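Please look over the sequence and the model below before reading on. The briefing that follows takes up a few features, topic by topic.

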Amino acid sequence: MTYTSFEFFIIFFGATFLLYTLAPIKYKKYALLLGSAFFYFVATRGHIFALIASALLTWLAGLLIQKQNDEFAAKKKLVEKPERKALKAKYNKRKGLICTAGVILNLAILLVLKYSNFFVSTFGAICRIEVPELSFIQPLGISFYTLQAVSYVVDVNRGKYKAGKNPLDIFLYLSFMLTIVEGPVARYDQLGTQLTGGKKLCFKDLQKGFMLIVWGLFKKIVVADRAAEFVNNVFDNPNKYTGVVVIAGILFYTLQLYCEFSGVMDVVTGLGELMGIKLPENFSRPFFAKSINEFWQRWHITLGAFLRDYIFYSISLSKPFMKLTKSARKRFNPYYANLIPTAFALFFVWFANGFWHGSGWKYIVYGLYYYVLMMLALFMEPLFEKLCKSLKINREAKPYALFQMLRTFIIVNIGMLIFRADSLKAAFTMLLSIPQLNLGALKPGSGNGLGLDLKDYAILVIGTGIVFIVGLLREKKIDIRERLYKLPFIVKFIGYLIAALMIIILGAYGDNYGVVDLIYANF
């Protein structure tokens with residue numbers, strides 16, 4: 001089920017939006033609940049039980065943790081201060097056990113349904129025996145809603161907010177139709193409270209939401225889906241193409257993934273705005289990043305924030321790691337004393353990043369690829385700083401910033417090769433074939449099997465240029481939608497018509513194009 005399909009807009013979102021609009025404020029959440037449950041049930045052909053199980057586990061864990069919080073709050077008033085510390089430790093231990101159980105059980109459902117065959121095949125390879133594959137249906141969006149379930153349980157345990165008493169509220173939070181397929185990974189205080197609260201329609205929200213939907217559709221249908229034709233032909237034949245074709249395939253895949261993923265995020269964010277629901281930002285012009293760390297602060301922002309808050313901080317602020325940091329400070333200079341424990345904690349972050357994306361070694365390598373490069377950069381920073389000073393390189397100058405962007409862009413594209421290739425072997429084969437340049441292989445209509453003619457290339461170049469210009473304006477803090485909103489209505493109306501016609505005329509669909517499934521829906 002794709003967010004850009006006619007069926008989704010009319011049958012699922014359209015019906016839900018109508019119900020939401022007509023329902024009184026206190027019943028609006030039930031319109032969202034009904035629409036989301038119906039959408040998920042149809043999209044998964046009835047395989048909704050894993051989602052229900054996660055919702056019930058999450059709700060129950062939250063309630064039990066909240067019960068401990070309430071009991072402690074009532075009892076601490078009845079004891080003297082010296083006894084409160086022991087009482088708090090007692091209740092914190094109980095909460096910790098419940099929280100751990102809630103997190104482990106939710107993750108267990110994910111690991112069994114998504115990763116069983118990876119574990120089985122790895123075990124078979126190590127033991128050199130044939131092990132039959134297990135047959136499990138991977139529920140739609142399980143990687144996304146599991147992270148939301150974990151964040152909810154941990155946040156209640158940390159006292160960030162009180163647990164919800166109504167299990168339907170938790171189910172709606174996990175199953176919301178605009179986030180269940182590709183995210184963003186929203187926290188309960190970011191999304192859940194909006195879903196259960198309800199909001200009256202606002203004409204400004206309707207207009208600005210529509211602008212974002214049209215922009216997202218342009219990126220997805222005009223740019224990403226057209227690039228997919230070229231990308232699939234190159235990556236499906238890793239031994240056939242070399243040189244400039246492989247380079248173009250990697251660049252087109254980066255373009256496809258960005259325009260599709262960020263485009264879909266724009267669509268669902270715009271749809272949310274139609275109902276007055278604000279989804280957290282998931283992309284912030286990532287290709288203007290000057291380092292790997294900054295790139296991942298701009299790309300899939302909500303996933304990175306989850307890994308930071310629930311893995312990195314949980315590890316780095318734990319007692320064993322605090323002791324490690326203290327020990328390191330006695331043996332190394334301040335820079336490396338802080339870096340060594342951080343490097344250890346970041347290993348788990350990047351391992352989890354890669355493993356979250358898929359059940360295969362190439363995804364783990366993909367995550368660790370960024371980890372190794374980031375650690376090299378951090379450990380070499382003092383030496384690199386001295387080198388720049390000795391060569392009198394101004395690291396604040398614009399030419400150096402452009403160099404950093406280009407360097408980061410190249411690193412990211414090599415990562416995209418690992419991510420998209422069918423296997424690590426195919427990725428290395430394609431990477432090693434790049435020096436075999438053959439510029440003529442990209443000639444449109446040459447019968448090389450790449451699937452694009454001169455018109456397709458022209459549309460991709462123009463579309464990429466538009467995406468870049470819009471990104472550049474937003475990078476300069478220019479609020480394009482706000483400026484468009486302030487234009488006279490007739491001007492905006494004509495603009496909407498032109499944009500819609502561009503998508504209809506230039507969109508990659510019809511006899512010459514296949515249906516392009518959402519990439520991140522597979523994760």
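In which sense, left-handed or right-handed, does α13 pass α14? The crossing of α13 past α14 is right-handed, and it should be read, like everything below, as a feature of a predicted model.

**Helices α13 and α14**

- Helix α13, which covers residues 334–357, and helix α14, which covers residues 361–390, have axes that come within 7 Å and cross at roughly 160 degrees.
- Because angles over 145 degrees count as roughly antiparallel, α13 is roughly antiparallel to α14.
- Sorted by class, the residues in the contact of α13 with α14 are 22 nonpolar, four polar and one charged.

**Helices α8 and α19**

- Helix α8 (residues 203–235) packs against helix α19 (residues 489–506) at an angle of about 20 degrees, and their axes lie 9 Å apart.
- Since angles under 35 degrees count as roughly parallel, α8 and α19 are roughly parallel to each other.
- The crossing in which α8 passes α19 is left-handed.
- On the α8 side, the residues that meet α19 include Phe210, Met211, Val214, Leu217 and Arg226, while among those in α19 that meet α8 are Lys492, Tyr496, Met502 and Leu506.
- By class, this contact of α8 with α19 is made up of 12 nonpolar, one polar and two charged residues.

**The cavity**

- Rolling a probe the size of a water molecule over the atoms shows where empty space is left.
- The structure holds one cavity of 30 Å³ or more, and the space in the largest cavity comes to about 30 Å³.
- Pro286, Phe287, Ala289, Phe295, Met405, Thr408, Phe409 and Val412 line the largest cavity, and by class this lining has seven nonpolar residues, one polar residue and no charged residue.
- Helix α15 (residues 398–420) gives the most to the lining of the largest cavity, contributing four residues.

**Two places in the backbone**

- Most residues other than glycine have a negative phi, and most peptide bonds are trans.
- Arg45, a residue other than glycine, has a positive phi, near 55 degrees, and its place is in the loop between α2 (28–43) and α3 (49–75).
- The peptide bond from Gly183 to Pro184 is cis, with omega near 5 degrees, and Pro184 lies in the loop between α6 (167–175) and α7 (188–197).

Terms used:
Residues are numbered from 1 along each chain as its sequence is written. This is a predicted model: local features need pLDDT of at least 70, side-chain atom pairs count only at pLDDT 80 or more; totals for chains, interfaces and linings use all residues. Side-chain values use heavy atoms; hydrogens and water are left out. Axes are lines fitted to C-alpha atoms, for helices over the stretch in contact, and angles run from 0 to 180 degrees between N-to-C directions. Helices (H or I, at least four residues) and strands (E, at least two) are DSSP runs, numbered from the N terminus. Angles under 35 degrees count as roughly parallel, over 145 as roughly antiparallel, 65 to 115 as roughly perpendicular and the rest as oblique. A crossing is left-handed if the near helix is turned anticlockwise from the far one by less than a right angle, and right-handed if clockwise. Contact means heavy atoms within 4.5 Å. Ala, Val, Leu, Ile, Met, Phe, Trp, Tyr, Cys and Pro count as nonpolar, Asp, Glu, Lys and Arg as charged, and the others, Gly among them, as polar. On a 1 Å grid over the protein atoms alone, a cavity is a set of points where a 1.4 Å probe fits but cannot get out, and a pocket is an open set with protein on both sides within 12 Å along at least five of seven lines; lining residues have an atom within 4 Å of a point. Grid points are joined across faces, edges and corners, and a volume is the space filled by probe spheres set on the points.
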